[in-house]
Amino acid sequence: MFEGFRTFDIACGDINIHGRIGGSGPPLLLLHGHPQSHVIWHRLAEPLASRFTVVATDLRGYGDSSKPPGEPDHANYSKRAMAEDQVAVMRELGFERFLLCGHDRGGRVAHRLVMDHPDRVEKLMLLDIAPTLAMYEQTDRTFATAYFHWFFLIQPSPLPETLIEASPNDYIIRTMGGRHASLDAFDPAAIAEYQRCLAQPGAAHALCEDYRASNAIDLEHDRADREAGRRIACPVSVLWGKHGIIERCFDPLAEWRAVAERVEGEALPCGHYIPEEAPEALLDRINHFMTHA
């Protein structure tokens, strides 16, 4: 995995962000989702590196990045704080402006990043999400059943942490393997890496804090944007899994067009974990969207 890439650990205030960088060309930042790490990009990183300088990081609280204890209002796991981490990493690597692609939780960080730092991002790609505020406001039985973890992880500490820490390996297997593609879509080495990271001290708590922030302070930030009429200005491409819950419960193009000026997108023939289920299709979309005017 990641042949030709080097690893880094960059200080962002009082935490460190871990990641890899490789390739040459325009800088492209890749942000992963739950319950994973930057390893989700292992099938794409090397081919992308022929066209881009690829930066793949572990979000605050995930992978081998720092996992600080959550604050009472969860602000240090807000998507605002997590986005600021990524801006700081890219600046330290020498990139003031970059292309951005985020899957799942990484997509939510990417959304906040382009709102708070619009001058930093040339183009944005979002994978298998609708806006957080829209998803909470439209929650129904089908969505809550399929995305039960949204409501489990936000429960007060230490209930969800205790249950996850009892068997982090099983949490990875059942969370990821219980969707459309089953575990067959994943490289066993990648699964082992996700399990290793979730077993680290503080990892379960950090994961929960990410979701607690999304149910609290992140919604405040999103509502403030809506009330002020702030919208995403850069071009946006939205991709989602034809066999996933986003397809079933939401209209992702309509929802993103409600918060962004220029949106294109389509469903891909896969489930939620697009980078690992449909890497060739995603590679084609990234190359086309990120390199064409």
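Is C197 buried or exposed? In this predicted model, C197 has a relative accessibility of 5% and therefore counts as buried, given that the limit for this class is under 20%. C101 is likewise assigned to the buried class, because its relative accessible area is 0%.

These two cysteines lead on to the matter of disulfides. A disulfide is a covalent bond between the sulfur atoms of two cysteines, and here a pair of cysteine sulfur atoms has to lie within 2.5 Å to be counted as one. For C197, the closest cysteine sulfur belongs to C208 and is 16 Å away, which is too far for a bond. For C101, the closest cysteine sulfur is that of C234, at a distance of 12 Å, and this too is too far for a bond. By the distance rule, the count of disulfides in the model comes to 0.

On the side of α8, the residues in contact are P168, N169, Y171, I172, I173 and M176, and they meet I191, Y194, Q195 and L198 of α9. Sorted by class, this contact between α8 and α9 holds 8 nonpolar residues and 2 polar ones, with no charged residues.

A second pair consists of helix α2, made of residues 79–92, and helix α3, made of residues 105–116, whose axes come within 8 Å and cross at roughly 80°. That angle makes α2 roughly perpendicular to α3. From α2, the residues K79, R80, M82, A83, Q86 and V87 meet R105, R108, V109, R112, L113 and D116 of α3. When the residues of this contact are sorted by class, 6 are charged, 5 are nonpolar and 1 is polar.

Most residues other than glycine have a negative phi, and most peptide bonds are trans. The peptide bond that runs from H34 to P35 is cis, with an omega near -5°, and P35 is found in the loop between β3 (27–31) and α1 (45–48). Another cis peptide bond joins S157 to P158, with an omega near 10°, and P158 is placed in the loop between α6 (149–152) and α7 (159–166).

Positive phi values also occur in loops. H74 is not a glycine, yet its phi is positive, at about 65°, and this residue is found in the loop that runs between β4 (53–57) and α2. Because its relative accessibility is 18%, H74 counts as buried. D128, which is not a glycine either, has a positive phi of about 55° and lies in the loop between β6 (121–127) and α4 (132–137). With a relative accessibility of 1%, D128 is also counted as buried.

Note on methods
Residues are numbered from 1 along each chain as its sequence is written. This is a predicted model: local features need pLDDT of at least 70, side-chain atom pairs count only at pLDDT 80 or more; totals for chains, interfaces and linings use all residues. Side-chain values use heavy atoms; hydrogens and water are left out. Contact means heavy atoms within 4.5 Å. Helices (H or I, at least four residues) and strands (E, at least two) are DSSP runs, numbered from the N terminus. Ala, Val, Leu, Ile, Met, Phe, Trp, Tyr, Cys and Pro count as nonpolar, Asp, Glu, Lys and Arg as charged, and the others, Gly among them, as polar. Buried means under 20% relative accessible area, exposed over 50%, partly exposed in between (1.4 Å probe, protein chains only). Axes are lines fitted to C-alpha atoms, for helices over the stretch in contact, and angles run from 0 to 180 degrees between N-to-C directions. Angles under 35 degrees count as roughly parallel, over 145 as roughly antiparallel, 65 to 115 as roughly perpendicular and the rest as oblique.
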